[in-house]
Amino acid sequence: MAYDVARIRSEFPSLESGWAQFDGPGGTQTPRSVGDAVASVLTGPLSNRGTTGVSEERAEAAVHGFRLAMADLVDGHPRGIVQGRSATQLAYDFSRHLSKQWAVGDEVVVTRLDHDSNVRPWVQAAERVGAVVRWADFDPATGELPVEAVADVLSSRTRLVAVTAASNLIGTMPDIPAIAAAAHAIGALVYVDGVHSAAHELPDIGALGADFFTCSPYKFLGPHFGVLAAAPELLESIEPDKLAPSTNAVPERFEFGTLPYELLAGGTAAVDALAALVGNGEADAAGSRRARLIASYAALHEHEAALLARIEAGLAELPGVTVWSRAARRTPTLLMTFDGHEAAEVTKRLAEGRVLAPSSNFYALEASRRLGLGDAGGLRVGLAPYTDASEVERLLDGLAAALG
């Protein structure tokens with residue numbers, strides 16, 4: 001089915017601002033359907049969950065719909081879907097839950113490719129219990145994180161491997177299934193940060209071999225919160241600290257306080273929006289939601305690959321541009337620096353033409369330092385479902401002017 005970017009763009013009121021948004025890796029724009037879903041739940045009859053009256057039933061429906069939608073997105077089980085304030089908060093929560101079972105001398109593996117939210121919680125949890133942190137390094141020349149880089153630091157004492165499905169800084173997509181297989185061979189759990197990857201690669205937690213997989217709907221057209229997916233049986237084996245009257249049922253035992261029903265409804269709407277990227281949206285809603293997601297992501301790949309190829313060709317013609325996104329498998333995300341120009345200054349010049357491409361380390365602190373970019377990082381360009389060819393030309397023209 002055809003990918004009609006003009007139709008897709010018409011569903012995003014924010015694009016009427018005239019800005020070309022290349023900041024998708026930090027959070028996408030939001031379609032009207034998501035905003036409507038949030039408003040509908042929040043302004044309609046709403047109470048705590050229950051079965052007495054329409055307000056309780058609507059809260060219950062929002063939770064149920066959210067779990068079904070996210071299970072379809074990751075090809076998991078609804079009882080394995082946990083809501084959290086953010087992926088960072090979920091990593092901190094589960095680092096506390098899991099480290100209860102760690103002992104002095106146990107080991108945890110983290111990588112220098114990851115966002116700090118999948119590094120620091122595990123490092124700090126290990127420090128608290130006397131566990132050892134092992135670092136897996138990536139190759140700054142290629143941007144690759146070889147399977148061997150992780151496998152070589154595994155041992156019989158490894159309890160958990162924390163690894164990104166895609167670098168939010170340079171887009172690198174490690175071979176997660178092979179890494180997970182190596183970790184599982186010595187009995188370790190695998191915690192996969194899918195926050196960046198889920199916007200571009202349809203998750204399949206079974207195929208990935210992820211024991212835990214996190215993502216954030218605001219990276220793929222939805223509201224600001226985090227999601228963790230795991231097998232219900234694994235969640236059943238984990239005992240979190242919780243309030244005495246709160247349920248011990250899975251997944252609710254991991255969700256503290258009243259859930260944000262309106263955000264959950266927005267998350268469901270975001271998954272539905274992704275499933276409707278091809279065809280005519282709701283009018284073509286045939287087949288299961290998972291099947292429609294597969295078709296949408298396949299079309300999205302083609303759309304983004306064509307735009308990425310044009311950007312890379314244009315960058316090759318500009319003087320003094322270093323592109324740090326070099327891995328063979330990566331998302332449509334480019335980190336660049338410029339001879340004789342600070343990245344932050346180029347960001348400002350682009351903004352003069354209403355092109356948004358921020359500069360930072362984007363919380364991938366270890367990766368930025370490993371690349372030799374220190375804490376400053378570089379200018380990042382990321383594509384999203386609504387990016388079109390005219391915006392790519394505006395980006396390239398803006399870069400040429402800023403570097404000229």
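Helices (H or I, at least four residues) and strands (E, at least two) are DSSP runs, numbered from the N terminus. Val-381 has its place in one of these runs, strand β13.

This is a predicted model: local features need pLDDT of at least 70, side-chain atom pairs count only at pLDDT 80 or more, and totals for chains, interfaces and linings use all residues. Residues are numbered from 1 along each chain as its sequence is written, and side-chain values use heavy atoms, with hydrogens and water left out.

Strand β13 covers residues 378-382. Five of its five residues are buried (under 20% relative accessible area; exposed is over 50%, partly exposed in between; 1.4 Å probe, protein chains only). The strand is therefore largely enclosed by the rest of the structure. Val-381 is buried, with a relative accessible area of 2%. Contact means heavy atoms within 4.5 Å. Leaving aside neighbours within four places in sequence, Val-381 is in contact with Phe-22, Ile-311, Pro-332, Thr-333, Leu-334, Met-336, Ala-357 and Leu-395. Gly-24 lies 357 residues from Val-381 along the chain, yet their C-alpha atoms are separated by 8.1 Å.

**Strand pairing**

Two strands pair if DSSP finds at least two bridges between them.

| Pair | Bridges | Opposite residues |
|---|---|---|
| β12 (359-360) and β13 | two | Ser-359 and Leu-379 |
| β2 and β8 (226-230) | four | Gln-83 and Val-227 |

The β2-β8 pair belongs to an open sheet of seven strands, ordered β2-β8-β7-β6-β5-β3-β4, with mixed pairing. Its edge strands, β2 (81-84) and β4 (132-136), each pair on one side only. Neighbouring strands in this sheet are turned by 20° against each other on average, direction ignored. Helix α3 (residues 54-74) lies across β2, β7 (212-215) and β8, and runs at about 110° to β2. Axes are lines fitted to C-alpha atoms, for helices over the stretch in contact, and angles run from 0 to 180 degrees between N-to-C directions.

**Helices α11 and α14**

Helix α11 (residues 289-316) packs against helix α14 (residues 389-403) at about 15°, with axes 10 Å apart. The two are therefore roughly parallel (under 35 degrees). On the α11 side, the contact is made by Leu-307, Arg-310, Ile-311, Gly-314 and Leu-315. On the α14 side it is made by Ala-389, Val-392, Glu-393, Leu-395, Leu-396 and Leu-399. Ile-311 and Leu-395 also touch Val-381.

Conventions. Parallel < 35°, antiparallel > 145°, perpendicular 65-115°, else oblique.
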